[in-house]
Amino acid sequence: MSANEFRPKPPRAQSAPPCAPGCAVPAAGPASCGGAPHVSEPTSYDALLLLGFGGPEGQDDVLPFLRNVTAGRGIPDERLEEVAHHYRHFGGVSPINQHNRELKAALETEIAARDLGLPVYWGNRNWMPYVDDALRELHADGHRRVIAIATSAYSSYSSCRQYREDLADAMEATGLAGEVEIDKVRQFFDHPGFVAPFVDGIRDGLAKVRERGIADEDIEILFSTHSIPNSDADRSGPPERGFGPGGAYVAQHTAVAEAIVAELGTTSPWQLVFQSRSGPPSVPWLEPDINDAISELPAAGRKAVLIVPLGFVSDHMEVLWDLDTEAMETAEEHGLFAVRTASPSTHPAYVAGLVDLVEERLKGTPADERPAVTSLGPWYDVCRPGCCENKRLGFQPALAGVAP
């Protein structure tokens, strides 16, 4: 979409839609409006809404996109250009929109194969089509009861609650409160469909490294995810779960990594690392940075590194730049053979797993019958009160959860 077609994303909602009498969750379907953590009542839906992050699709889009991402923070264009060069290196095009088009098509195929009769709509947080565009479209097509999937597996402000805020923003921008109901599937960090592609990728990656005569104990597996401010990490997940430092965000990644290593039975050492931090150095973010971790591996006797994009559902910009470019360069500088494993993308198990999550809600599958590869899940259908607060912004209006 060219720059002359650009419009900013919808403003923040001033308030959440009023709850129906006896309900605790605004704009929710009847089975989830009461606010129970898991919904065990069959629920009918007539559309699926795929929620994406969004990305620029040309050089002219880069700065408007970054202004959307950083809206409300007062960051001047000069500083945004420091990040813009990542996108400009790839012609100003983020692969994320194309990935979501491919995922949308794959979901449509899987849904048709199961005869579920759910059309798929797609809306982004930070680039066109926005969530409100998708909401207007599906409403115009006659749909009123919607199940949403966010393209993010873990719990934190940026990976869950902010998508729920997007839904509230879109609802207010379209004026469709009272006409459209929106529920959201649970966070799927430990659903087998999400985990299986990483298991396959690491198995293949280890085989490539072993072909070079490198033993497993000399290979470090780095499970990488997006760094976030410590304050946001600590507030991720429901407060009553008491996850401690790093909150649910770190606990979920760690538990999934442990499950993957156990399934593979590898003796390779591993660690959870972080990437793509931004913001002032005075604000603590999750560490260690992946490049710092790589630089310490030779001293520990490692000869190779396997980089696993555990926090990502597809190969978008943070994967292409921070892993495929910077981390690979760091590995080469330190004499390490490096392999980056695949992200889920449109892996058949991942696509099937997402539709399984929708079917959980269609069928009202009890929580104890839902698959989860860690003891932390299955996660909540309805986000809990106080979940994933943003320290800087506080609690903004959001759907698919109990306030605040």
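Modeller: A salt bridge here is a side-chain nitrogen of Lys or Arg within 4 Å of a carboxyl oxygen of Asp or Glu. The background is simple: side chains of opposite charge can pair when their charged atoms come close. Keep in mind that this is a predicted model, where local features need pLDDT of at least 70 and side-chain atom pairs count only at pLDDT 80 or more, while totals for chains, interfaces and linings use all residues. Residues are numbered from 1 along each chain as its sequence is written, and side-chain values use heavy atoms, with hydrogens and water left out.

By that rule, the count is 27 salt bridges. Let's start with aspartate 77 and arginine 67, whose closest N and O atoms are 2.8 Å apart. Aspartate 77 belongs to helix α2 and arginine 67 to helix α1 (residues 62-69), so this pair ties together parts 10 residues apart in sequence. Helices (H or I, at least four residues) and strands (E, at least two) are DSSP runs, numbered from the N terminus.

Next come arginine 88 and glutamate 81, bridged with their closest N and O atoms 3.1 Å apart. Arginine 88 is partly exposed, with 28% relative accessible area, and glutamate 81 is partly exposed at 32%.

Because they sit four residues apart in helix α11 (residues 348-363), about one helical turn separates them. Glutamate 359 is buried, at 16% relative accessible area, whereas lysine 363 is exposed at 54%.

Some charges go beyond pairs: Asp183, Arg186, Glu360, Arg361, Arg370 and Asp381 are linked in a network of salt bridges.

Aspartate 190, in the loop between β4 (181-184) and α6 (192-210), is buried yet has no salt bridge. The nearest side chain of opposite charge is arginine 186, 4.2 Å away; in that tally Lys and Arg are positive and Asp and Glu negative, with His and the chain ends not counted. What does the side chain of aspartate 190 join up with in a polar contact? Threonine 374, side chain to side chain, at 2.8 Å. A polar contact is a pair of N or O atoms within 3.5 Å; within protein, one must be able to donate a hydrogen and the other to accept it, and residues adjacent in sequence count only if both atoms are side-chain atoms. Setting aside neighbours within four places in sequence, aspartate 190 also has contacts (heavy atoms within 4.5 Å) with residues including Val195, Val256, Leu376 and Gly377.

Of the contacts between residues at least 6 apart in sequence, 80% join residues at least 24 apart.

Note on methods: Buried means under 20% relative accessible area, exposed over 50%, partly exposed in between (1.4 Å probe, protein chains only).
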